[in-house]
Amino acid sequence: MGSRSFQALRKATTCLAVTIAFASAIAYAGHEPMAPDPTLRRYTGKVTALGPPDAKGKVYAFSAAPVGPRNFPLKPDDLRGWRMTVLSGKRFGTEFRIGGNTESEIRVNAQTGPVEGLAVNDVFVIESIDANGASMFTTPAPVPASGG
Amino acid sequence: MRRALAALALALLSAAAWGQGARIPADAVDAFHQALKNKNTAAALSLLDRELVVYEFGVVDPTAEAYAFQHLPLDIDAAAVSTWTIQSRRVGGEGDIRWVLTTYRVTGKQPDGTPVDLTTLETMILRRTAGLFRIVHMHWSTNDASFQAQSQKARTQGAAAPKK
């Protein structure tokens, strides 16, 4: 390969890389196409069933299914310590702290109260934000396998 | 009796979660922007009326739930990396319905590092319930046509809000 064609290939590769990086960033951008915090991770889902009540009749767990573009397959305790905010229904705007999770069930920390009033099909967002409002990660979130 | 007490407790819990608002309309607007900046989803939602409709860069969120699910996270992301400085503000209305019109100089950086420096126009209509004003309508646009087009494209790429 001659040096001219090598340079052309190099330029094309660089151009493609820049285009992909820019397109990825724009696809995630919000009402302003500005660079978001790359360390902030989100999981959006909806309630599919409420968990059983504890001995005192309080419910702290529910089954969930992912909804929308901001989620990923759950592994046990992926969401532990993350902040959950209810986005619909009677508990609209209520905040909980996640105590733990399985692949399909999410349990809130008892200190943030039971999930009374939460109902099937209620939508929520769980964010990797600690009690001080800071992101719990220092590295960028992995690119989801699917979603749009 | 027990059921009535449980219902009362739930009502109080819901009211507490959604009880913020503000006594002065402009304070509600500023508190909303501050909540976005602080990545505080619950605080931002507490400043929204449940009958909220949002017009944002040519895209409509017809309900508070749709906005909360589809675009609030994006607005939080944007607010965290940009600075909104008030250039002008006019307030008006009377009784329980007021409006706050604000122009902002917005500065920040695009994902490729290009600086952003533009004017964003904001119309907020607020409704007072139980003594507190909350935002019942928001409308944002910008003086930068290419930026507006980019924002509109980004906003229409999200998934539709789930239906019950």
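A search of the whole structure finds 9 salt bridges over all chains. A salt bridge here is a side-chain nitrogen of Lys or Arg within 4 Å of a carboxyl oxygen of Asp or Glu. This is a predicted model, in which local features need pLDDT of at least 70, side-chain atom pairs count only at pLDDT 80 or more, and totals for chains, interfaces and linings use all residues. Residues are numbered from 1 along each chain as its sequence is written, chains are lettered from A and ligands numbered from 1 in the order in which they are written, and side-chain values use heavy atoms, without hydrogens and water.

| Pair | N to O distance |
|---|---|
| E127(A) and R42(A) | 3.1 Å |
| R127(B) and D49(B) | 2.9 Å |
| R105(B) and D117(B) | 2.6 Å |

Take chain A. E127(A) sits in strand β6 and R42(A) in strand β1, 85 residues apart. Strands (E, at least two residues) are DSSP runs, as are helices (H or I, at least four), numbered from the N terminus. E127(A) is buried at 1% relative accessible area. R42(A) is buried too, at 5%. Buried means under 20% relative accessible area, exposed over 50%, and partly exposed in between (1.4 Å probe, protein chains only).

Now chain B. R127(B) lies in strand β5 and D49(B) in strand β1, 78 residues apart. R127(B) is partly exposed at 24%, while D49(B) is buried at 4%.

R105(B) is partly exposed at 40%. D117(B) is partly exposed at 49%. Finally, salt bridges with shared partners join R42(A), R83(A), E127(A) and D77(B) into one network.
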